[in-house]
Amino acid sequence: MFNRKPKPDSEAATNLPKSNLIAFRKRKAIVALDVDGDVLRVVQASGQGSAARIVRIASTRLDLPSEKKDQAAALGAALKSALDSLRIKPREAALCLPRGNVVLRPIQVPMPADLRELAAVVNFQISKDLPFRIEDAVVDFKVLRVIDVPASAPNAEAPSPEASATKRLEVLAGAVKNDVVQFYNDAAKAAGFKIAALGLRSVAAAHCVAKCVPGGGGAVLLISVRNEEVTIDIVCENKLVFSRVAAVTLSGNSSSEAASADRSALVEALQIEVVRSLHSYEGMSGYQPVQKLFVAGAGEIEAELSSSLSERLSLPAEKLDPAARFSIKNGEPEEIAGAANYIAPIGLALAALEPSGLPIDFANPKRPPVQRNKKQTQLLGALAAAMVLLLTFFGVRANLIKKRLKIKEEIQAQLTDAEKKLPIYRRLKSQNKVVNTWVGDEQNWLDHLAYLTAILPNAEEIYVSAFSTSPQHIIRFAVQARTGEMLAELDKKLRAAGYEVKPLSITPANDKHGYSFRTSVELSIPKKMKPDFSKLKPPPRPADDTPPQSTGIPAKTGRPA
């Protein structure tokens, strides 16, 4: 391993050519915006450099449906409406870019001759780690420090202490797709303002932490819990040196036991992510032990996560208070009390008012010199792509065929199962047809059946042999009775109950059980009629609704046994 001796920022700056410095537009005020899910956080700041101060913090909900979050015009309209509700009309604003949209890498490069050469080297180095083409990316970087790497002889097993040291730069480089930058430019245009700066959330949060916790004393671990992502950042010597997004999924929590269990599982998952991140950080050059822990965010798990991490990592868990540090007084009381949720836009606003501007700004990136001849590179890229395509073609084809065969087998199994259940489906369809017919009749036939059962005389005197209904709100049933007077009495009871009864035609019947008279009853149900069971007392049921044939007693609504 080489013995690396880091140098402070001031010395690192003096080692760079004067042409490295970019004249940033001097601003007296800035508006910083942070879109976190459906919440917009706004920070207004004024002044320049060390004299910059936070004027106001505010937040509001964005009227933006989830299915339109990827539409720049919809986001711009939501931003305009939200800013109007806060009575803020900026001509230009700085926006926070989510950490998950950016590829961030620490890179060591040789000392450059000028800034454009440094940008070219950084672009070349980071292109190896990008999941997309460097031509489709916006790349910007921040110089972290100058490293002295001792030179060694070609055949030496270890570097000689007397050997001359080679100076190298350690930079933090970030890359984002052009489409993302264009998306935010279009959204800002739809909202009625221009993008003054497009900074990374983690870098902005690190800038705020550096302002709140100045000085050295080791690294600071910052866990930022937001609605759309949880970031794990490490700030060392007032600079962001490590950052990643925790691989967890956030969801809304309630006070139920299930939600409490979900929060406990989320806290445990975040602890594992933090431990993994610390292990990754320990393998980096220039590693310094973490001395402090901060957890910032608006979620319910903030306090629980802070205490559990403090116990697990044996680190003091401190609370960020930007409101006290920057003397923030203009804002709602709950906003000022929760000012730790604003560390990203606060850091973005303060960095934008620095003379050199944002450390990493994807709206105003440091660009390499224009390459005049790209034909050879394009040809080599095309050949490499053709070789990769040729090597992977048959593997992809076999994989696709395997997936299709698996889908075919699953569908065939479903079809076989459906054929076995076909009788059940048919019976269900028939039952559904009957129920739909009843619903279409707009009558509760069961209520009328129960009502008629209470009106009819005792089953030993009269019984119903058939019963049917029609969509015209008509009930028809056949009745047999022991006497004709009983049928005449039935007509009176039906009319008294509110039914419109068609005149009965009583005919003699030859029945061995003694029910010698029969008739067919046709009832029309008035539209306003509702059966009233409170005034009825149904006749007692026979001791046995289905008596033995030797008794000769008929059933209640069926034919005699």
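The model is predicted: local features need pLDDT of at least 70, side-chain atom pairs count only at pLDDT 80 or more, and totals for chains, interfaces and linings use all residues. Residues are numbered from 1 along each chain as its sequence is written, and side-chain values use heavy atoms, with hydrogens and water left out.

Helices (H or I, at least four residues) and strands (E, at least two) are DSSP runs, numbered from the N terminus. Two strands pair if DSSP finds at least two bridges between them. Angles here run from 0 to 180 degrees between N-to-C directions; axes are lines fitted to C-alpha atoms, for helices over the stretch in contact.

Now look at strand 2 (residues 29-36). It runs parallel to strand 5, and 2 bridges join them. Ala 32 stands opposite Ala 94 in strand 5.

Contact means heavy atoms within 4.5 Å.

Helix 10 also has a helix partner. Helix 5 (residues 201-212) packs with helix 10 (residues 343-352) at an angle of about 80°, and their axes are 7 Å apart. That makes the two helices roughly perpendicular. The cut-offs are these: under 35 degrees is roughly parallel, over 145 roughly antiparallel, 65 to 115 roughly perpendicular, and the rest oblique. Helix 5 brings Arg 201, Ala 204, Ala 205, His 207, Cys 208 and Lys 211 to the contact. Among the residues they meet in helix 10 are Ile 343, Gly 347 and Leu 350. By class, the contact has 9 nonpolar, 2 polar and 2 charged residues. Ala, Val, Leu, Ile, Met, Phe, Trp, Tyr, Cys and Pro count as nonpolar, Asp, Glu, Lys and Arg as charged, and the others, Gly among them, as polar.

Stay on helix 5 for Ala 206. At 3% relative accessibility, Ala 206 is buried. Buried means under 20% relative accessible area, exposed over 50%, and partly exposed in between (1.4 Å probe, protein chains only). Leaving aside neighbours within four places in sequence, Ala 206 contacts Val 235 and Leu 240. Val 235 is 29 residues from Ala 206 in sequence and 6.0 Å away in space, C-alpha to C-alpha.

Met 486 lies in helix 14 (residues 484-496). It is buried too, at 15% relative accessible area. Not counting residues up to four places away in sequence, Met 486 touches Pro 457, Glu 461, Ile 462 and Ala 481. Phe 517 is 31 residues from Met 486 in sequence, with 9.3 Å between their C-alpha atoms.

Finally, two loops. Arg 87 is in the loop between helix 2 (72-85) and strand 5 (92-97). Its phi is positive, about 60°, although Arg 87 is not a glycine. Arg 87 is exposed, at 78% relative accessibility. Ser 327 is in the loop between helix 8 (322-325) and helix 9 (333-337). Its phi is also positive, near 55°. Ser 327 is partly exposed, with a relative accessible area of 49%.
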